[in-house]
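Here is a friendly briefing to read alongside the model. Keep the sequence and the 3D view open as you go.

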Amino acid sequence: MVTTLVSGDNSNDELVVENGQCAAHELVADPTEEEGEYSFEYNGHNVFRILDIVSDEYLIYILKNGNNGDGFRLMGLYGRGPDVSSEIREKYVQLSQEHGIVKENILDLTKTDRCLQARDQA
């Protein structure tokens, strides 16, 4: 869940797999000098930007990690319900490709991420 704090920072609650177990993390991201961009420290310096959002339907973001020169780009699509429309999925694929992520590297984590089951039980 992404929440805008009174300070203007963003708080993001995540469930991630660590050592085979789901672990909860709260990441607080600070606004950068660029409009709509936020940064935080987690396994290196991270900068993210929300690319598209319809608050009652979905959110698409890009994250760039600069971990000692071995960084990566990550894009995410979060839906409010258990699934999103094919149009939103197509938009996500298009935005991913526009940001240099090839189609072969786009994964549907609802089919592989067991932390989703843990989140639903919380």
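This is a predicted model: local features need pLDDT of at least 70, side-chain atom pairs count only at pLDDT 80 or more; totals for chains, interfaces and linings use all residues.

Residues are numbered from 1 along each chain as its sequence is written, and side-chain values use heavy atoms, with hydrogens and water left out. Helices (H or I, at least four residues) and strands (E, at least two) are DSSP runs, numbered from the N terminus.

**Confidence**

- The average pLDDT, the predictor's confidence in each residue from 0 to 100, is 79 for the chain, and 77% of the residues score at least 70.
- Confidence is highest in helix 1 (residues 86-98), with a mean of 95, and lowest in strand 1 (residues 2-4), with a mean of 44.
- Please read residues 1-11 with care: pLDDT stays under 50 there. For this stretch the model has 27 contacts (heavy atoms within 4.5 Å) beyond four places in sequence.

**Strand 4 and strand 5**

- Strand 4 (37-41) and strand 5 (45-54) are separated by a loop that holds N43.
- These two strands run antiparallel and are joined by five bridges; two strands count as paired if DSSP finds at least two bridges between them.
- N43 counts as exposed, at 54% relative accessibility; the cut-offs are under 20% relative accessible area for buried, over 50% for exposed, and partly exposed in between (1.4 Å probe, protein chains only).
- Strand 4 is mostly covered, with four of its five residues buried.

**Strand 3 and strand 4**

- Strand 3 (residues 21-31) includes P31, whose bridge partner in strand 4 is Y38.
- Two bridges join strand 3 to strand 4 in an antiparallel arrangement.
- Their hairpin has five residues between the strands, and G36 in the turn shows a positive phi of about 80°.
- P31 is partly exposed because its relative accessible area is 43%.
- The C-alpha atoms of P31 and R49 are separated by 9.9 Å, with the two residues 18 apart along the chain.

**Strand 5 and strand 6**

- Nine bridges pair strand 5 with strand 6 (residues 58-66) in the antiparallel sense.
- V54 stands opposite Y58 in strand 6, and the hairpin that the two strands form has three residues between them.

**Helix 1**

- Helix 1 has 13 residues and reaches 18 Å from its first C-alpha to its last, close to the expected 18 Å at 1.5 Å a residue; the expected span is 1.5 Å times one less than the number of residues.
- Which residues of helix 1 are buried? They are I88, Y92, L95 and S96.
- They cover an arc of only 105° around the axis, so they lie on the same side of helix 1; the arc is that of the directions from the helix axis to the C-beta atoms.
- E87, E90 and E98 are exposed on the other side of helix 1.
- The cover over the buried residues of helix 1 includes strand 5, strand 6 and strand 7 (72-79).
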